[in-house]
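Hi,

Here is the structure I promised to send over. Have a look at it first, then read my notes below.

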Amino acid sequence: MKFETKQVQQELKQGYAWPVYWVYGAERLLIRELLSRLKKAIIGDNAWCEERLDGSITTAAEVVAAAQSIPFGGGTRFVMVRDAHLIKEPEQLTELFGDRAKLSELPYVCVFVAKDLDARRKFSKTLLEKAAVVPCEAIPEHQREVWLQYLCSTLGVPFDLTPRELLLRFEPWSLEWAESELLKWALANSVEPGLGDQVVVGGTDERVSSELFIESFLEHRSLSKTLSWVSRLAKRPEDSLPLLGLLSWNVRMMALAASKSRTLRLPPFVESKIVRSLRAWSLNEILDLQASLSSLDFALKQTPQEPLALWGVLVSDYCRK
């Protein structure tokens, strides 16, 4: 049956979950937040209970085996499958279906993230009958302003000061794009966003400044300082992905400044930071870093590779001892 994301969150608060969730749609930010809430409610920080799979290279039988394996130390098994619409012979997955139950009674929870739900397929009809199907489709134009207000409140950015018309009329529009643009706007206008500059890590009160990360990475290229930040950053993709967008924007501004582009128009405060960062980089290094950030973005969102390792390789490649 179909559920809205709010309904799933409400069930989790009540201590209930489904053995199988099929999450689909183009709105990646909604999917990202839902995955984070499911993971936190089901296994918390217990990485031993989690397994990530790629539907383009994983068979249905392998998914079933992963779900039914006993995690080290016990507990509920949490299996997340990306590109689930590419799984061959998905009918075998029906072995995992079941009714909603208390979290403590579920041996596994499988979350399948797919591009769509093809209503013509027999398997899709079975999904709608036996599993929790959660659409995360594109936000309709008439709902954009409400969602933009939500993003501003989440990020701690003053909604009344933002360029709302530009943010609402851009095409193609998505929550992920709007979040990234809000962070860039806040930086360019010297506004400190609540989550852009202050990131809550691991569900604790520990707060880490993204500005310090960018400073240690871009201005100082300090390996030890940047790696110490990465060790906490990579644990929470819902925080690290927006920061990746902010980092990419800084590097793009550095590339424009290094090439002496006339299109570069920044407030003096921001421009001075870009100029300071340029002292540590050559133009070729900046262009190479841009390509690496694009590859990192793809790897974090589209592959099952370990985020900590991906961030660590990036930092090690570009930071000095």
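Let's start with a term: two strands pair if DSSP finds at least two bridges between them. Helices (H or I, at least four residues) and strands (E, at least two) are themselves DSSP runs, numbered from the N terminus. Before you go on, note that this is a predicted model, where local features need pLDDT of at least 70 and side-chain atom pairs count only at pLDDT 80 or more, while totals for chains, interfaces and linings use all residues. Residues are numbered from 1 along each chain as its sequence is written, and side-chain values use heavy atoms, with hydrogens and water left out.

Now the strands. β3 (residues 50-54) and β4 (residues 77-82) pair in the parallel sense over 5 bridges. Glu50, for one, has Phe78 in β4 as its bridge partner. Between these strands the chain goes through helix α3 (residues 60-68), and this β-α-β crossover is right-handed (with the strands pointing away from you, the path from the first strand over the helix to the second runs clockwise).

Next, which residues of helix α4 (residues 122-130) are buried? They are Phe123, Ser124 and Leu127 (buried means under 20% relative accessible area, exposed over 50%, partly exposed in between, with a 1.4 Å probe and protein chains only). Seen down the axis of α4, they fall within an arc of 100°, so they line one face of the helix (the arc is that of the directions from the helix axis to the C-beta atoms). An α-helix has 3.6 residues a turn, so residues three or four places apart point the same way. On the face turned away from the buried side of α4 you'll find the exposed Lys122, Lys125 and Glu129.

Trp22 sits in strand β2 and Phe112 in strand β6 (residues 108-114), 90 residues apart. Both are buried. With Phe123, the ring centres are 5.8 Å apart and the planes at 75°, so Trp22 makes an edge-to-face pair there. That pair links β2 to helix α4, 101 residues apart.

Finally, the protein has 13 helices and 9 strands, and buried residues make up 50% of its 321 residues.

Cheers

Notes
Phe/Tyr/Trp six-rings, centres within 6.5 Å; stacked < 30°, edge-to-face > 60°.
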